Amino acid sequence: MLLEQTTTTKKITKATGKRTKRNRIIGVFLTAAILLAVMITNDGAFTISGLLNLIGLSADTGERIAYAQGGNRASDEQLLARAIHGEARGEPYEGQVAVGAVIINRTRDPKFPKTIAGVIYQPGAFTAVSDGQINIPLKPGSTALKAARDALNGWDPTDGCLYYWNPATATSKWIWSRQIVKKIGKHYFGK
Amino acid sequence: MNLRLMTRRDGLLGIREKLLDFKRRLSDRKMYSIVVVVIAASLIWGISQYKHAADLRQELDNQYNRAFYEMIGYVNNVEVLLLKSMITSTPERTASVLQEAWRNANLAQTNLGQLPVSQPVLANTSKFLTQVGDLAYALNNQNMGGKPLSSEQFETLERLHNLAISLGKSLNDLQNQLSSGRIKWGELADKGTPLFRKTSSKLQLEQFEKIDKTFQDTPKLIYDGPFSDHLVTIEPRGLTGNEINPEQARQKVVEFFGKDKVRSVTDEGKTDTEPIKTYNFKVLFNNVPDDQWASISVTQKGGHILWMLYNRPVDEEKLDVQKAKEAGRKFLESHGYSGMVDTYYLKEDNTATINYAYKQDNVVIYPDLIKVKVALDDGEVVGFESKGYLSAHTVRNIPAPKISEEEARAKINPRMQILSSGLAIIPTNYKTELFTYEFKGKLNNRDFLVYINAENGKEENILMIIDTPNGILTM
């Protein structure tokens with residue numbers, strides 16, 4: 001009888017062992033699937049830092065600083081530099097000036113708000129604004145401020161473009177209907 | 001054999017024993033309470049986060065609603081004021097009504113830009129409001145000068161008024177839907193539920209798109225406002241010469257920097273958009289690392305350098321601004337731009353950006369603008385911008401001024417102390433040019449530039465010079 005009991009116990013243990021192992025595997029797959037789904041539906045989270053951002057663990061979201069709105073040159077410079085830094089951090093210098101120039105071109109176009117702050121903070125206009133990257137303090141040695149100044153002084157590598165997008169990550173279908181003027185770094189610039 | 005079975009069974013039993021023991025410990029009251037507390041704490045945290053998010057959402061919704069309702073209010077005002085301006089009898093009265101219309105159109109457009117509707121959907125509405133504003137502004141100036149509306153302008157106002165009526169109507173429809181709760185801003189702005197956004201909010205986007213389509217057929221307004229469509233494709237006057245090919249453009253690039261300096265010139269493609277088509281290049285220099293290069297853009301017509309930007313770090317400031325101005329002037333002379341004088345400069349990041357204007361017969365011509373950026377460590381030119389010059393430069397037929405300098409001086413506010421005077425041609429908001437007297441003066445310890453029209457003595461513009469430690473910048 002003892003032998004029978006032992007065999008049944010062994011069978012049960014083996015069966016439950018298999019079940020827990022299967023459950024564990026299912027659990028891992030489910031978590032991975034959820035994570036993947038979350039990453040895909042949130043463009044910003046397609047990277048590890050983006051994912052961390054999502055969980056609120058990012059080291060990048062620095063202090064939130066308010067900016068004066070209106071036509072003051074010093075504050076325009078700072079705001080523009082932050083926007084360039086948020087949007088075109090790893091881009092070549094010409095690309096950074098180009099992003100600044102696009103923002104300034106928009107202030108002169110009737111389809112967009114008339115102030116730099118208005119253009120930058122227009123809901124949905126820039127991903128760096130929507131996900132808070134604009135608030136990251138400028139890293140030392142960053143050329144964003146210099147690029148902002150050149151853009152404010154009139155240099156426009158885009159020859160008047162109003163739009164730019166990264167062809168690899170752009171999700172909006174509409175943006176592709178814009179006339180492409182040139183490509184600088186990772187971005188297409190268009191009118 | 002029995003022995004072996006027994007030990008194996010013991011081992012298995014050992015693991016199972018341990019598991020059971022753990023389960024037993026878990027059932028123990030203390031463990032139980034700890035687990036319950038942990039679960040309860042997570043629940044509370046979760047609920048408070050959710051509530052916090054809901055509060056923020058509500059605040060955001062409120063902002064959007066505020067912007068929306070304000071916009072509707074201003075649009076309705078614009079409609080009424082446009083109507084009024086067609087009825088008023090005297091130019092002065094028309095002027096003040098149009099001024100109000102301009103202010104309201106501006107405010108409507110500002111609030112429009114705060115709505116969470118994607119930009120392309122609202123582009124035409126924004127354009128309409130801007131154009132209404134500009135027209136009102138331009139006509140206002142005209143009326144203030146005592147000139148009443150012409151019949152053409154009256155018709156334009158009528159057309160705009162009709163468009164304003166239909167915009168107002170569509171917005172009121174939209175407002176009804178919002179108030180009845182059929183649409184929520186949150187759905188539009190919610191990035192966390194993009195699927196939801198795509199389906200249910202499509203309704204609202206469609207509404208806005210419908211409004212926007214009304215304005216796609218806005219007739220090209222024939223006035224000279226700054227945002228007139230027809231001025232976007234203005235023919236660049238300074239773009240002289242014949243079409244060149246990329247090889248010739250490459251030559252121009254080498255000439256621009258100097259053959260000895262240039263290590264390599266890489267083709268970066270061409271830009272074929274109006275009004276100025278260009279070839280683009282990237283230039284590497286001798287004895288300069290690969291990560292410092294210059295971008296340069298050469299016009300397809302005439303091979304002029306449209307702009308150049310050399311991103312090299314400038315770490316110290318050895319030259320004073322006077323020497324920098326000299327370096328800039330020498331550069332312009334040696335590159336075929338003669339007759340340029342410096343007008344304003346800005347010192348930043350150890351470089352000086354100097355604005356040069358063309359001077360003809362003692363008249364400073366501001367529209368013919370070239371900007372030169374000089375590095376203050378060795379006087380090297382690290383930036384060049386000539387779009388203004390290429391757009392506007394031509395040899396002008398400048399008439400003699402119709403009023404004398406004394407007469408012009410008399411028009412200036414007597415409280416201002418005049419320091420110097422001269423003649424100038426200045427650009428207007430409407431892309432035309434005016435021939436003026438330029439007076440630099442002081443009032444309340446602030447510097448001003450006053451421009452008096454040399455043909456009719458009207459005060460055309462007043463610029464306040466802001467002396468910052470970075471240089472002389474005007475606003």
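Tutor: Buried means under 20% relative accessible area. Keep that cut-off in mind for this predicted model.

Student: Why is A:Glu94 called buried?

Tutor: A:Glu94 has a relative accessible area of 12%. The limit is 20%. The value falls under the limit, so A:Glu94 is buried.

Student: Where does A:Glu94 lie, and what is in contact with A:Glu94?

Tutor: A:Glu94 belongs to helix α4 of chain A, residues 93–107. Neighbours within four places in sequence are left aside here. The contacts in chain A are then A:Pro157, A:Lys182 and A:Ile184. Chain B contributes B:Trp293, B:Ser295 and B:Trp307.

Student: Which residues meet where α3(A) packs on α7(A)?

Tutor: Among them are A:Leu80, A:Ala81 and A:Ile84 in α3(A), and A:Ala144, A:Leu145 and A:Leu152 in α7(A). The residues of this contact divide into nine nonpolar, two polar and four charged.

Student: Why is α2(B) called roughly antiparallel to α3(B)?

Tutor: Helix α2 of chain B (residues 29–87) and helix α3 of chain B (residues 91–112) pack at an angle of about 155 degrees. Angles over 145 count as roughly antiparallel. The value passes that mark, so α2(B) is roughly antiparallel to α3(B). Their axes are 8 Å apart, and the crossing is left-handed. The residues of the contact divide into 13 nonpolar, five polar and four charged.

Student: How do you know that B:Glu380 forms a salt bridge with B:Lys261?

Tutor: The closest N and O atoms of B:Glu380 and B:Lys261 are 2.8 Å apart. The rule asks for a distance within 4 Å. The pair meets the rule, so it counts as a salt bridge. The two residues are 119 residues apart in the chain. B:Glu380 lies in the loop between β7 and β8 of chain B, and B:Lys261 in the loop between α9 and β1 of chain B.

Student: Are B:Glu380 and B:Lys261 buried or partly exposed?

Tutor: B:Glu380 is at 15% relative accessibility, under 20%, and therefore counts as buried. B:Lys261 is at 29%, between 20% and 50%, and therefore counts as partly exposed.

Student: What makes B:Asp290 exposed, but B:Arg263 partly exposed?

Tutor: Exposed means over 50%. B:Asp290 has 52% relative accessibility, so B:Asp290 is exposed. B:Arg263 has 38%, so B:Arg263 is partly exposed. These two residues form a salt bridge, with their closest N and O atoms 2.9 Å apart. B:Asp290 sits in the loop between β2 and β3 of chain B and B:Arg263 in strand β1, so the pair ties together parts 27 residues apart in sequence.

Student: What does the salt bridge of B:Glu317 with B:Lys347 tie together?

Tutor: The closest N and O atoms of this pair are 3.1 Å apart. B:Glu317 lies in the loop between β4 and α10 of chain B, and B:Lys347 in strand β5, so the link joins parts that are 30 residues apart in sequence. B:Glu317 is partly exposed at 42%, and B:Lys347 is partly exposed at 23%.

Student: Which residues do salt bridges with shared partners join into one network?

Tutor: B:Lys261, B:Arg312, B:Asp377, B:Asp378 and B:Glu380. Over all chains, the count comes to 27 salt bridges.

Technical notes
Residues are numbered from 1 along each chain as its sequence is written. Chains are lettered from A and ligands numbered from 1 in the order in which they are written. This is a predicted model: local features need pLDDT of at least 70, side-chain atom pairs count only at pLDDT 80 or more; totals for chains, interfaces and linings use all residues. Side-chain values use heavy atoms; hydrogens and water are left out. Helices (H or I, at least four residues) and strands (E, at least two) are DSSP runs, numbered from the N terminus. Buried means under 20% relative accessible area, exposed over 50%, partly exposed in between (1.4 Å probe, protein chains only). Contact means heavy atoms within 4.5 Å. Ala, Val, Leu, Ile, Met, Phe, Trp, Tyr, Cys and Pro count as nonpolar, Asp, Glu, Lys and Arg as charged, and the others, Gly among them, as polar. A salt bridge is a side-chain nitrogen of Lys or Arg within 4 Å of a carboxyl oxygen of Asp or Glu. Axes are lines fitted to C-alpha atoms, for helices over the stretch in contact, and angles run from 0 to 180 degrees between N-to-C directions. Angles under 35 degrees count as roughly parallel, over 145 as roughly antiparallel, 65 to 115 as roughly perpendicular and the rest as oblique. A crossing is left-handed if the near helix is turned anticlockwise from the far one by less than a right angle, and right-handed if clockwise.
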